Amino acid sequence: LKSSLLSSLSGICVCRPRPNASLSRSEATAMAGAGVPRGFLAPGLLTGSFTFAVIGIAATFAAMTCFAKETPNITKNESRRLGSVIVWMSVFCMWLIWACVYMHQMVPLIYPQHVHK
């Protein structure tokens, strides 16, 4: 089934796992010269984290000044605290999913390979 599927997809890019042993000499040289992995201190990850912190601060300011109001059920101070909790929980969740996607792209597990006839 697998060979018939691959033959029917001739000329189409198919993604499949790439073992480390099959690196060409130029690819191995490029990877060796890439430097030491930085993990959580990668420049893109730090820049994105800083951006989410700025967004959180701006959204907190907006929640405290523009969206907090007093009603018969909640005081203005409670409304501000609730807005702050909602903003920072939302910013953290958005940052977490962004960071996972970003870090997943730092070390891809699947490389596209062109299937020839």
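**Entry 1: H3 against H4**

I began with the packing of H3, and its buried residues (under 20% relative accessible area, with a 1.4 Å probe and protein chains only) pack against H4. Those buried residues are Leu 45, Gly 48, Phe 52, Gly 56, Thr 60 and Ala 63. In H4 the buried set is Ser 79, Gly 83, Ser 84, Val 87, Val 91 and Ala 99. I kept a general point in mind: an α-helix has 3.6 residues a turn, so residues three or four places apart point the same way.

A note on what I am reading: this is a predicted model, where local features need pLDDT of at least 70, side-chain atom pairs count only at pLDDT 80 or more, and totals for chains, interfaces and linings use all residues. Residues are numbered from 1 along each chain as its sequence is written, and side-chain values use heavy atoms, with hydrogens and water left out.

**Entry 2: helix lengths**

I checked the spans next, taking the expected span as 1.5 Å times one less than the number of residues. H3 has 25 residues and reaches 35 Å from first C-alpha to last, close to the expected 36 Å. H4 (residues 76–106) has 31 residues, and its 45 Å reach is close to the 45 Å expected.

**Entry 3: Thr 60**

Which residues does Thr 60 contact, leaving aside its neighbours within four places in sequence? I found Ser 84, Val 87 and Trp 88, with contact meaning heavy atoms within 4.5 Å. Thr 60 is in helix H3 and counts as buried because its relative accessibility is 12%.

Its side chain makes a polar contact with the side chain of Trp 88 at 2.8 Å. The Thr 60 side chain also reaches the backbone oxygen of Gly 56 at 2.7 Å. For a polar contact I need a pair of N or O atoms within 3.5 Å; within protein, one must be able to donate a hydrogen and the other to accept it, and residues adjacent in sequence count only if both atoms are side-chain atoms.

**Entry 4: Ser 84**

I then moved to Ser 84, in helix H4. Ser 84 is buried because its relative accessible area is 18%. Beyond its neighbours within four places in sequence, Ser 84 is in contact with Thr 60 and Met 64.

Is Phe 67 buried or exposed? Phe 67, in helix H3, counts as exposed (over 50%) because its relative accessibility is 63%. Not counting residues up to four places away in sequence, Phe 67 touches Ala 62 and Ser 79. I also looked up its C-alpha, which is separated by 8.1 Å from that of Arg 80, 13 residues apart along the chain.

Met 106 lies in helix H4 and counts as partly exposed (between the buried and exposed cut-offs) because its relative accessibility is 36%.

**Entry 5: the whole protein**

I finished with the overview. The protein has four helices and two strands, both taken as DSSP runs numbered from the N terminus (helices H or I, at least four residues; strands E, at least two). Along the sequence they follow the pattern α-β-α-α-α-β. Of the 117 residues, 14% count as buried. Among contacts with a separation of 6 or more, residues 24 or more positions apart account for 74%.
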